[in-house]
Amino acid sequence: MIINVIGKRHCSGTSKKSGKPFDFSEVFYIGTQRNIEGQAGLSFTVDPSVISFSDIVVGADYNAEFGPGGYLVSFKRK
């Protein structure tokens, strides 16, 4: 699916509950969603192994590929 990135956020730290470290980016875009008339502001998380936060460009178009279970498997600039 082709998306236009309208925002991004980097999240990292240590979980208070488990004590395990976390590191991911969140990408925001406009898209369609079931039971929504028109468009909606949507987001998904991106693991740094797929693309680093600094390589995500706000305003650029990307091809986002999702695998089984809705997990992001590829995120490449168009």
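Reply: The model is predicted, so local features require pLDDT of at least 70 and side-chain atom pairs count only at pLDDT 80 or more, whereas totals for chains, interfaces and linings use all residues. Residues are numbered from 1 along each chain as its sequence is written, and side-chain values use heavy atoms, with hydrogens and water left out.

Me: What makes up the secondary structure of the chain?

Reply: The chain has zero helices and five strands. Helices (H or I, at least four residues) and strands (E, at least two) are DSSP runs, numbered from the N terminus. In that direction the elements run β-β-β-β-β.

Me: How do you know which strands are paired in the sheet, and in what order?

Reply: Two strands pair if DSSP finds at least two bridges between them. The open sheet of five strands has the order S3-S2-S1-S4-S5.

Me: Why are strand S3 and strand S5 said to stand at the edges?

Reply: Strand S3 (40–46) and strand S5 (72–77) each have a single partner strand, so one side of each is left without a neighbour in the sheet. Neighbouring strands of this sheet are turned by 35° against each other on average, direction ignored; the axes are lines fitted to C-alpha atoms.

Me: Why does Gly 19 fall into its accessibility class?

Reply: Gly 19 has 46% relative accessibility, so Gly 19 counts as partly exposed. Gly 19 is found in the loop between strand S1 (2–14) and S2. Its C-alpha atom is separated by 36 Å from that of Ile 2, 17 residues apart along the chain.

Me: What makes a group of residues a nonpolar core, and which members touch the most others?

Reply: A nonpolar core is a set of buried Ala, Val, Leu, Ile, Met, Phe, Trp, Tyr and Cys residues joined through side-chain atoms within 4.5 Å. The largest such core has 15 residues, of which Ile 3, Val 5, Val 27, Phe 44, Ile 56, Tyr 62 and Phe 75 touch the most other members. The elements giving two or more residues to this core are S1, S2, S3, S4 and S5. S3 gives the most, with four residues. Leaving aside neighbours within four places in sequence, Val 27 is in contact with residues including Ile 3, Val 5, Phe 44, Ile 56 and Phe 75.

Me: Which residues form the covered face of S3, and which the uncovered one?

Reply: Ala 40, Leu 42, Phe 44 and Val 46 form the covered face, and Gly 41, Ser 43 and Thr 45 the uncovered one. In a regular strand the side chains alternate between the two faces of the sheet.

Me: How many residues does the chain have, and what share counts as buried?

Reply: Of the 78 residues of the chain, 28% count as buried.

Terms used
Axes are lines fitted to C-alpha atoms, for helices over the stretch in contact, and angles run from 0 to 180 degrees between N-to-C directions. Buried means under 20% relative accessible area, exposed over 50%, partly exposed in between (1.4 Å probe, protein chains only). Contact means heavy atoms within 4.5 Å.
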